[in-house]
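Below is a short note for a colleague who has not seen this structure before. The points are numbered and can be read in any order.

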Amino acid sequence: MTEVRSTICRFCHAQCPIHVEFDGGRPTKVTGVKDHPVYHGYVCTKGRNLPHYHDSDKRLLTSVRRTGDNQFQPIASATAMDEVGERLQNLLQEHGPRSIALYIGTHGYNNLASSQTAMAWMAAVESPMVFTSVTIDQPGKAISAALHGTWLAGSASIADADVWLTIGANSIISMLGPVNPAHAFKQAGERGMSLIVIDPRRSELARRAAIHLQPRPGTDPTVLAGLIRVILEGSLEAQTFVRRYSTGLDALRQAVDGFSPEYVEERADIPAESLVAAARLYARGRRGVATVGTGPNMSGRGNLTEYLAKVLMTLCGHWLQEGDEVPNPGVLVNWPPPLAQAVDPSPAWGFGEMLRVRGLTNTAAGMPTAALADEILLPGAGQVKALISLGGNPAMAWPDQLKTVQALKELDLLVSIEPAMTATARLSDYVIAPKLTFEQPGNTVLQEFLGVFSGWGYWSPYAQSSPVLVEPPAGSDVVDDWEFFYGLGQRMGLQLKVGPVCYISPKQQAQHAVVLDMVHKPDTEELWGMLLEDSPVPLAEVSRHPDGHVFDRGRLTVRAGDPSNTGRLQIGDPTMLGELVELQDEDWRHADDDYAFRLISRRLPDVLNSAWHDNESVRRRHRYNPAFINPVDLEALGIETGTVVEITSARAAIKGVVQAAPDVRPGVISMSHCWGDLPGEDQDVFNLGSNTGRLSDTSESFDPYTGIPRMSSIPVNLRVL
Ligand SMILES: Nc1nc2c(c(=O)[nH]1)N[C@H]1C(S)=C(S)[C@@H](COP(=O)(O)OP(=O)(O)OC[C@H]3O[C@@H](n4cnc5c(=O)[nH]c(N)nc54)[C@H](O)[C@@H]3O)O[C@H]1N2
Ligand SMILES: Nc1nc2c(c(=O)[nH]1)N[C@H]1C(S)=C(S)[C@@H](COP(=O)(O)OP(=O)(O)OC[C@H]3O[C@@H](n4cnc5c(=O)[nH]c(N)nc54)[C@H](O)[C@@H]3O)O[C@H]1N2
Ligand code: SF4
Ligand SMILES: [Mo]
């Protein structure tokens with residue numbers, strides 16, 4: 001008999017509500033929730049594939065321990081915790097806490113109960129070496145927020161913005177942006193919102209834009225400085241707001257002076273009149289959003305691009321103002337009271353743990369993940385000897401794959417919490433087999449949390465919570481990810497204090513820390529209950545609505561700020577404006593003399609980074625990551641779709657299978673990341689694809705603060721094989 005049950009897809013951060021059909025007790029089919037008030041029935045192929053991942057013959061049903069080269073044997077999860085706990089204890093004694101590092105990848109974040117418990121465990125062993133995918137993703141977001149300061153009323157949403165500027169994000173495919181972006185942008189367009197997109201590719205989102213600027217990759221700071229100059233030149237800025245709440249206008253004016261429309265036209269290769277039109281359109285709106293995606297964050301000077309996007313919002317007074325309605329007063333998360341008030345900047349780097357390489361430090365975006373491989377490889381006091389990877393795949397995802405894999409092999413102890421034998425799992429000493437989505441309770445707190453970034457998250461007080469749908473397969477021994485860290489804590493005699501996720505700031509999380517009972521283990525429902533105990537709407541109430549619900553949280557409007565408050569948004573940060581000066585001094589005309597192409601990143605709709613590529617349902621659609629190239633370039637090279645080429649950067653060479661794509665700017669190769677395999681095991685490009693991370697060099701052209709190297713806009717050459 002077929003039964004249908006409601007839950008949340010947690011395969012990516014979007015957390016779509018789904019209906020799962022069961023046949024004979026096993027999940028067989030996933031559909032979207034029709035007429036849903038927030039997601040409008042959306043579900044993607046990845047979500048539809050969830051039953052296949054649960055049932056996959058590639059899925060680990062027990063944890064495994066390495067017994068030799070590429071040889072693993074099943075191990076009980078409790079024994080794995082005993083052995084790993086003992087080895088970590090020995091490392092702690094011999095080399096100190098800094099020898100133990102944690103890496104939280106995308107599936108660590110998709111389950112905040114696990115990432116919070118993992119961080120609590122790291123705090124208990126007193127290791128500062130917590131790394132996440134944030135610093136190889138969009139580190140500029142947190143850095144720019146620190147440098148610019150924050151506006152306590154927050155920003156407009158897709159429901160009430162007049163204008164929306166997206167710089168190098170493709171929300172319609174990536175889901176980073178408003179929920180169900182295709183629907184949201186359509187509705188907003190019908191309401192009269194203007195969309196401007198800056199992207200070297202005519203992306204799915206760019207096709208919907210009133211103005212699409214298609215510049216040379218990596219020229220975003222130039223383009224944004226150009227937009228700012230047009231706005232200032234035409235006195236289009238929100239003068240009262242700027243005077244009252246910001247500082248640094250004169251320095252900004254001076255710094256953008258050289259970025260005339262003609263200069264931008266030549267350097268970024270976009271028509272001067274399009275730039276002017278975009279600036280005017282953006283400035284005309286009363287409420288607006290400027291949001292930056294992974295593309296520019298990975299293309300060099302990502303902090304500057306993110307910073308200039310915030311400067312644009314402040315310059316135009318685009319933030320919510322006194323009397324404006326707050327789109328989401330919060331359901332699971334306690335948001336600070338919305339005030340028309342600025343908070344001064346805070347340190348963006350230069351504090352906390354110092355790295356031993358490249359002068360890097362802890363940052364507002366966290367520890368620089370691009371330097372972790374060096375921290376493992378560099379001998380001496382403080383060397384990292386053990387790494388726990390939670391829901392991540394460093395060997396596929398980190399930049400500079402050759403160095404990364406060398407480092408992972410060098411470790412004394414590598415543990416992955418992973419449902420499949422991925423490239424990283426195959427290098428691990430222990431692979432801990434986790435429960436999958438349907439076997440875990442979950443809720444939408446992550447998506448609500450993302451609302452901290454302009455243009456992301458829910459714009460109504462929506463939440464969903466869902467119970468365990470199905471027990472793990474008979475005979476399996478799989479654990480909830482957090483239980484592994486709890487188990488280590490028990491064995492090592494540690495007390496775990498977990499930050500509750502109903503608070504947004506780490507400070508508040510520390511104040512309200514949940515002290516776990518280390519004798520009587522809570523179950524996962526109980527843990528979530530504790531992590532959300534102080535949420536504005538009780539979790540029990542949220543659970544009463546199986547398909548999620550828009551709660552009545554009353555009408556919340558922005559209140560006047562404290563008149564005596566002296567906080568100011570900084571639009572003339574000296575370091576960022578210094579980068580603008582450096583930018584102008586660059587010999588950009590000759591930067592690519594040795595390279596014919598720039599390789600840029602993109603996402604494919606049916607896969608999430610490296611996850612489950614070897615699943616048959618995925619393989620029916622994708623067997624490799626094509627190298628998308630404009631037909632004009634293909635013709636000039638005398639090649640066509642299907643031709644295998646070698647793509648060479650200053651660091652390394654990979655193979656690529658060419659595919660004609662008129663949406664890609666000429667001179668650009670658009671290629672997805674996290675494909676291929678370990679070096680030496682990836683010859684079969686038609687069946688594995690290739691790893692673009694190998695082209696990045698973490699020791700060259702990296703950001704001086706976050707360490708992120710070029711992962712997009714990489715200068716490359718192309719040779720027919
Ligand atoms: N060149 C280049 N490199 C990039 C990028 C790029 O655009 N270009 N993008 C970067 C970005 S934005 C990121 S975030 C990183 C991604 O970096 P990672 O997070 O390290 O990589 P993922 O492939 O997302 O890793 C997710 C892992 O979780 C596993 N997994 C799947 N389901 C579950 C589950 O239910 N539980 C657990 N515990 N694990 C599960 C998957 O098998 C997979 O191995 O890559 C970065 N690398
Ligand atoms: N289907 C799917 N969804 C995903 C993922 C996935 O792998 N697959 N990954 C998830 C993860 S981990 C993340 S972080 C998000 C990322 O979400 P997004 O940031 O939206 O990522 P992309 O879809 O790759 O969009 C990046 C865009 O930047 C453009 N770009 C590249 N270089 C430049 C540049 O120099 N300048 C400008 N202006 N644009 C540039 C690319 O052409 C591309 O259209 O997506 C998440 N969602
Ligand atoms: S967008 Fe993300 S959360 Fe939604 S169905 Fe697809 S994978 Fe699942
Ligand atoms: Mo990411």
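Which residues line the largest cavity?

1. The model is a predicted one. The largest cavity is lined by Cys-9, Phe-11, Cys-12, Ala-14, Gln-15, Cys-16, Tyr-42, Val-43, Cys-44, Lys-46, Gly-47 and Met-175. By class, this lining has 9 nonpolar residues, 2 polar and 1 charged. The volume of the largest cavity is about 100 Å³.

2. Cavities in general. The structure contains 5 cavities of 30 Å³ or more. The lining residues of the second largest cavity divide into 5 nonpolar, 5 polar and 1 charged.

3. Surroundings of ligand 1. How many residues surround ligand 1? The number is 28, and the closest are Tyr-103, Thr-106, Ala-397, Glu-418 and Ser-610. Sorted by class, the shell around ligand 1 has 11 nonpolar, 13 polar and 4 charged residues.

4. Polar contacts of ligand 1. The side chain of Asn-609 has an N or O atom 3.0 Å from an oxygen atom of ligand 1. His-673 also places a polar side-chain atom 3.5 Å from an oxygen atom of ligand 1. For Thr-692, an N or O atom of the side chain is 3.3 Å from a nitrogen atom of the ligand. On its own, ligand 1 has 910 Å² of accessible area, and the protein covers 97% of this.

5. Surroundings of ligand 2. The shell around ligand 2 holds 34 residues, and the closest are Ser-174, Asp-199, Asp-220, Ser-299 and Val-607. In this shell, 12 residues are nonpolar, 15 are polar and 7 are charged.

6. Polar contacts of ligand 2. A polar backbone atom of Thr-294 is 2.8 Å from an oxygen atom of ligand 2. From Arg-603, an N or O atom of the side chain is 3.0 Å from an oxygen atom of the ligand. Ligand 2 exposes 920 Å² when taken alone, and 97% of that is buried by the protein. Helix H7 (171-174) and helix H14 (294-297) are the elements that give two or more residues to the shell around ligand 2. Of the shell, the largest share comes from H14, with 3 residues.

7. Strand E1 (residues 2-8) pairs with strand E2 (residues 17-23) in the antiparallel sense, over 7 bridges. One of the pairs is Thr-2 with Asp-23, its bridge partner in E2. E2 also runs antiparallel to strand E3 (residues 26-32), and 6 bridges join these two strands. In E3, Lys-29 stands opposite Glu-21.

8. The turn between E2 and E3. What do E2 and E3 form? These two strands form a hairpin with 2 residues between them. Gly-24, in the turn, has a positive phi of about 60 degrees.

Note on methods. Residues are numbered from 1 along each chain as its sequence is written. Chains are lettered from A and ligands numbered from 1 in the order in which they are written. This is a predicted model: local features need pLDDT of at least 70, side-chain atom pairs count only at pLDDT 80 or more; totals for chains, interfaces and linings use all residues. Side-chain values use heavy atoms; hydrogens and water are left out. A residue is near a molecule or strand if one of its heavy atoms lies within 4 Å of it. A polar contact is a pair of N or O atoms within 3.5 Å; within protein, one must be able to donate a hydrogen and the other to accept it, and residues adjacent in sequence count only if both atoms are side-chain atoms. Accessible areas come from the Shrake-Rupley method with a 1.4 Å probe; for residues, only the protein chains shown count as cover. Helices (H or I, at least four residues) and strands (E, at least two) are DSSP runs, numbered from the N terminus. Ala, Val, Leu, Ile, Met, Phe, Trp, Tyr, Cys and Pro count as nonpolar, Asp, Glu, Lys and Arg as charged, and the others, Gly among them, as polar. On a 1 Å grid over the protein atoms alone, a cavity is a set of points where a 1.4 Å probe fits but cannot get out, and a pocket is an open set with protein on both sides within 12 Å along at least five of seven lines; lining residues have an atom within 4 Å of a point. Grid points are joined across faces, edges and corners, and a volume is the space filled by probe spheres set on the points. Two strands pair if DSSP finds at least two bridges between them.
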